[in-house]
Amino acid sequence: MHDKTVTQLAAALKSGELSSRELTSHFLQRIEQADGTLNSFITVTAEQALDQAEAADNARAAGKAGKLTGIPFALKDIFCTQGVKTSCGSKMLDNFIAPYNATVVEKLNAAGTISLGKTNMDEFAMGSSNENSYFGAVKNPWDLTAVPGGSSGGSAAAVAAGLVPAAMGTDTGGSIRQPAAFCGITGLKPTYGRVSRYGIIAYASSLDQAGPMAKSAEDCAHLLNVIAGHDVRDSTSVARGVPDYTETLNAPLSGLKIGLPKEYFGDGLDADVEKAVREAVKVYESLGATVREVSLPHTHYAIPAYYVIAPAEASSNLSRYDGVRFGHRCDAPADLIDLYTRSRAEGFGDEVKRRILIGTHTLSEGFFDAYYTKAQKVRRLIRQDFLDAFEDVDVLMGPASPTPAFDLGAKKDPVSMYLQDIYTIAVNLAGIPGISVPAGFSNGRPVGLQILGTHFAEAQLLNVAHQFQQATDWHLQRPAFAEENA
Amino acid sequence: MQWETVIGLEVHVQLATRSKIFSGASTAFGAEPNTQACAVDLGLPGVLPVLNEQAVAMAVQFGLAVHADIPEVSVFDRKNYFYPDLPKGYQTSQMYHPIVGAGDVEITLDDESTKRIRIHHAHLEEDAGKSLHEDFHGMTGIDLNRAGTPLLEIVSEPDMRSAKEAAAYLKAIHSIVTYLGISDGNMAEGSMRCDVNVSVRPKGQEAFGTRAEIKNVNSFRFVERAIAYEVERQIELIEDGGKVVQETRLFDPERDETRSMRTKEEANDYRYFPCPDLLPVVLDQAYLDHLRSQLPELPADKRARFQNELGLSVYDAHVLSASREMAEFFEEVQQVCGDAKQAANWVQGELSGALNRENLSIQNSPVSAKQLGELISRVLDDTINGKAAKQVFQALWNGQGDSADAVIDAKGLKQVTDTGAIEAMIDQVIAESPAQVAQYRDSEPEKRGKMIGYFVGQVMKASRGTANPQQVNGLLKEKLDALL
């Protein structure tokens with residue numbers, strides 16, 4: 001049952017072969033058995049899930065079921081969920097019970113899906129290995145000595161291990177695509193503005209975007225159908241019609257023009273990863289696509305620009321955690337300054353503090369133009385690189401990450417960790433959509449192929465990814481852990 | 001040495017929107033603490049701001065009213081600082097691209113001269129909550145009802161040269177925002193408050209002196225007093241060989257002095273940057289044209305019309321156009337009675353006096369504009385004389401009658417203009433006052449004019465005030481002179 005995709009489970013529910021209650025109990029049991037090892041969940045909401053499952057079964061009996069009614073999934077612990085702890089992976093919010101639902105959560109509830117709980121993540125979504133969580137590191141189900149990637153590491157590991165059919169993640173600099181690649185699943189970061197950010201705890205507001213993480217592109221299409229769309233509560237969400245993303249999954253790829261950015265195949269790229277990506281491109285050629293090399297000349301500025309803009313926004317977004325109204329408050333503050341400094345010093349982890357410091361510095365008088373204004377100029381150039389490339393090609397392809405999953409504890413200095421996101425970060429700066437699909441293995445650890453499209457090209461990306469999954473079986477591979485621990 | 005004062009004002013006007021600038025919570029004043037603060041106002045994790053379009057329209061209306069440039073694009077920025085009543089740790093404001101550009105306002109001074117004060121810009125921002133230090137046993141209470149209330153901050157150029165000019169400017173701004181209906185202008189409730197920048201320089205010197213900023217002054221009177229104190233303090237300081245330091249000061253109305261709050265060295269670095277949660281505000285010409293077509297007649301235009309078309313003096317026109325309610329009241333009185341000068345006299349005289357005595361605003365006047373207009377008409381058509389008119393006014397004020405005519409009938413105040421009746425009363429008064437008649441007859445001719453007052457008084461008394469005074473005067477003179 002846990003091997004099946006959302007699409008398959010939805011069919012089983014529809015045919016009456018399975019009830020949502022059975023399905024939900026099954027996955028809750030798997031979480032119970034396996035998550036002590038993986039640590040992919042921060043909170044499991046078993047009771048609520050079973051109640052929701054019963055309601056879903058009743059709705060189905062009454063003929064009121066939608067496509068995804070009764071399907072269990074999990075939410076990264078960055079989505080506010082009413083009445084449930086929403087920690088954002090931080091000690092700061094360990095005591096925070098959200099009093100409202102994020103728009104994404106509302107939409108998933110309205111679709112009749114069942115939330116099994118909240119998944120582990122790097123604190124405030126800052127990290128590429130999930131090692132920055134207050135609730136401990138998450139293990140990669142393919143290799144328990146490896147990281148699952150981050151920041152949506154809990155969501156990726158849980159889906160890969162078959163603890164849940166699908167999960168929601170967020171992606172600010174690669175936080176859906178890189179863990180999807182590391183855990184051998186499919187993860188889509190939609191266009192900035194495609195999915196409402198309301199109720200998603202902000203890291204870097206101009207870059208954050210929520211998206212689905214699942215076993216296949218087809219599953220991602222089903223989930224994107226539910227969560228995409230304009231939201232009056234998010235001014236940056238775009239008022240643009242939402243197509244049925246499943247309808248175009250089977251469009252033929254003959255004539256598809258693929259661009260390979262030469263900057264994505266340079267120094268630092270692991271040989272196995274490069275090999276897997278080039279093999280995948282050959283599959284596309286066999287499906288009728290043409291391939292050419294393109295250039296994204298400002299690629300090497302993406303990480304520096306990101307590490308100015310994202311920390312600047314974060315330093316401001318995280319100011320509300322001051323110990324006054326909610327979240328961690330230090331014991332017996334002597335005065336206001338003591339309340340602020342001690343609550344924040346105790347509540348935030350090192351990486352969060354580092355980024356708050358960077359952001360505070362770059363926004364300071366005398367540095368603002370040199371850092372922030374300059375970074376915004378670079379951001380426009382990076383965006384233009386992509387727009388220019390999409391004049392010539394339909395999609396871009398390359399690795400999602402320069403290496404497969406690395407060992408837990410392997411990356412000690414922050415900069416080497418930041419370099420992990422070299423192929424994903426520019427995508428957020430440009431606001432375009434990207435998807436990572438399983439494309440092979442290196443020493444038993446999955447490799448992800450990243451496919452990029454122009455703004456609002458999600459339907460095309462899902463089509464291109466789905467066709468690859470029709471022609472290959474990388475996405476059907478399951479880690480041994482999934483069978484051994486259930 | 002002769003000193004010159006230089007003043008610039010930053011006026012914060014609370015906009016009269018129903019809901020907050022970035023959330024749907026109510027802006028009503030005086031609710032229980034924290035009952036009008038929603039998730040957005042509380043700065044809960046994950047919430048996002050949505051701009052209130054009404055606040056934008058109000059800001060633009062102000063801009064149009066002060067002849068300002070309205071840029072096509074304006075942008076919200078975050079002003080970052082920690083304070084317990086600032087829930088998000090930043091205030092959403094407009095630093096680099098404000099919604100209203102450069103404009104100007106005309107002020108009228110006591111000597112009836114006018115002066116143009118330039119406005120540097122006006123920007124939209126959200127208000128913070130309130131910190132309450134009393135009743136919490138050494139702790140601080142936070143009320144976030146006010147957090148997110150829309151403010152328009154209007155920043156002038158340093159164009160004012162005296163406390164009087166500053167007060168006149170503040171009144172002009174008050175009158176514009178209340179005319180537009182974009183603020184209730186209630187200074188006691190904090191709907192309008194200002195920061196005053198004051199410096200002094202030797203007369204004739206081009207360069208500005210170092211300025212001090214007096215924060216949060218919330219009445220016209222306090223603005224004048226704060227400036228007066230501050231100017232004196234700065235001049236004394238310089239003349240004693242000291243130097244004015246750039247700092248923020250607080251006005252204490254109880255002691256009538258300003259005190260230092262913090263110096264520039266301690267000032268915050270607010271780390272302004274564009275708010276990534278809000279899109280730039282883009283206004284097209286059609287929108288501006290639409291708002292312009294909705295503008296009411298503004299104080300300056302009203303004043304000009306009162307002078308040019310109604311023939312009022314500069315002073316009358318200024319006083320009567322100061323508030324929209326006053327102007328509208330006056331105009332109705334004028335339309336009912338048809339005489340602008342009389343309407344102006346009554347509104348500023350009898351009516352304003354009565355309102356002031358009972359501390360009432362003109363909206364709450366017991367005598368309506370229609371009643372007052374009809375009363376004046378009865379004076380103009382000689383139905384009653386001026387003395388009776390004051391009795392009618394008093395009766396209307398006290399609610400003794402629905403209209404001037406009703407009071408006149410009920411009290412029998414209709415003026416007697418029948419010559420025969422007046423002559424009969426005169427004859428009786430003369431007959432009853434032989435001593436005074438004799439005195440009149442024996443007086444020097446030039447003193448008789450003064451003595452006639454006694455007889456007029458007696459005749460008016462006999463008529464219970466209803467005789468036409470001009471007729472009484474004329475007939476008396478004839479009859480007395482006939483006795484010579």
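Predicted model: local features only at pLDDT ≥ 70, side-chain atom pairs only at ≥ 80, totals over all residues.

Analyst: Two strands count as paired if DSSP finds at least two bridges between them; strands (E, at least two residues) and helices (H or I, at least four) are DSSP runs numbered from the N terminus. Residues are numbered from 1 along each chain as its sequence is written, and chains are lettered from A and ligands numbered from 1 in the order in which they are written.

User: How many bridges join β3(B) to β14(B), and which residue is the bridge partner of B:R78?

Analyst: The antiparallel strands β3(B) and β14(B) are joined by two bridges. B:R78 has B:F273 of β14(B) as its bridge partner.

User: Which elements of chain B touch chain A?

Analyst: Two residues are in contact if their C-beta atoms, placed from the backbone, lie within 7 Å. The contact involves 36 residues from chain A and 23 residues from chain B. On the side of chain B that touches chain A, α1 (39-42) and β3 (77-80) of chain B are the elements that give two or more residues.

User: Is strand β3 of chain A mostly covered or exposed, and which strands does β3(A) pair with?

Analyst: A residue is buried if 20 or more other C-beta atoms lie within 10 Å of its own, exposed if 12 or fewer, and partly exposed in between, with C-beta atoms placed from the backbone. Strand β3 (residues 114-119) of chain A is mostly covered, six of its six residues being buried. Strand β1 (residues 41-44) of chain A runs antiparallel to β3(A) and is joined to it by three bridges; there, A:V44 has A:G117 as its bridge partner. Strand β2 (residues 72-76) of chain A runs parallel to β3(A), with four bridges, and A:F73 stands opposite A:S115.

User: What share of the residues of chain A counts as buried, and what box do its C-alpha atoms fill?

Analyst: Of the 486 residues of chain A, 59% are buried. The C-alpha atoms of chain A fill a box of roughly 65 × 55 × 45 Å along the principal axes.
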